[in-house]
Amino acid sequence: SFHCQEYTFLYVTLARCVGLTAFSVDVKETCVGEKAGHACAAVFFGNSYILVDPAYCWFGAPHREFTVLDDIQSIGVYLCELGGLERCKMGFKLAPKLSVTRSRLLDAFLAAGRVKEATDLLNEMVRECPNEWTTDSERPLLALHQGNIYEAVVFAKSATKIITTSGFPHLVLGNAYFEENKLLDAHEEFQKALSCILPDSQAAIAQDAIDNIAETFYNDGAKK
C-alpha cells in the first residue's frame, strides 16, 4: 500500500505532466501539531505556492513546519527510504542537511553494527537539530544498541509523548522493556506500535514480538 511519500512522488510526477511546477515537501510538523515523518507536495503559481497533501486529501494544507525540496534532495530522500547502508549513504550525500536522511543513515549504521558512526551522527544531530522529531526518535534506538537500557526507556518514553502518530518510539520502548524482561509492559508497547503508523517491516517486527511474548506466557502456564 502507498504511504505519504509514494503519494507525494506520484502527485508531483502527474502535476508536472500537465505543466504545473511541483516539488516534494518534507513536513516536520503537520497542521495538527504532529511531529513525525510526513511528506506532501508544493505547487507553485508564480512566486507563491500551496501545499497539496495527497495523503490528507487536502489542497492548501496548512502544515506548520516544512521544507520544500529540490529534485536532488528528493532523490536523496527516495534512496534513503529504500533502505540499505550504501543507498542511505548515497542519499545522505545528496541531502546531508535533511533530518530524514540523517535518521535513515543512522538506522542503516545500526543495522550494519557500526555503532561508532551512528553515535557520531547522533551527536551531530543533537548539536544541529536538538528539537527535531528524528533526534527524539533516534536517541532511544542508539541507547538500546549500546546496551544502555535505562536510557533507552527514558528516551523512548519521552519520544512517545512528542511523536504521537508514529509507532516507532513504542516499538523501541517495547524492545527496551523486553530486554528488562518486563513482558507485560513490552506487550502493551508493541500493541501501541501497531495501532500507530508503521512501515510494514517494523509492523512485522512488532507482531512477531507480540506472538513470541504470548507463546512465552502460554509455555509458562503449561509448565504450571
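Helix 2 and helix 3 are roughly antiparallel to each other (over 145 degrees). This is a predicted model, in which local features need pLDDT of at least 70, side-chain atom pairs count only at pLDDT 80 or more, and totals for chains, interfaces and linings use all residues. Residues are numbered from 1 along each chain as its sequence is written, and side-chain values use heavy atoms, with hydrogens and water left out.

Select residues 71–82 for helix 2 and residues 85–94 for helix 3. Helices here are DSSP runs (H or I, at least four residues), numbered from the N terminus. The two axes come within 7 Å and cross at roughly 160°; axes are lines fitted to C-alpha atoms over the stretch in contact, and angles run from 0 to 180 degrees between N-to-C directions. The crossing is left-handed: the near helix is turned anticlockwise from the far one by less than a right angle.

Next, show the side of helix 2 with Ile72, Gln73, Ile75, Gly76, Leu79, Cys80 and Leu82. These residues meet Arg87, Cys88, Met90, Gly91, Phe92 and Leu94 in helix 3, with contact meaning heavy atoms within 4.5 Å. The contact residues divide into nine nonpolar, three polar and one charged; Cys counts as nonpolar, Arg as charged and Gly as polar.

Now select the cysteines. How many disulfides (pairs of cysteine sulfur atoms within 2.5 Å) are there? The count is zero. Cys57 has its nearest cysteine sulfur, that of Cys31, 12 Å away. For Cys88 the nearest is that of Cys80, 4.7 Å away.

Methods. A disulfide is a pair of cysteine sulfur atoms within 2.5 Å. Helices (H or I, at least four residues) and strands (E, at least two) are DSSP runs, numbered from the N terminus. Angles under 35 degrees count as roughly parallel, over 145 as roughly antiparallel, 65 to 115 as roughly perpendicular and the rest as oblique.
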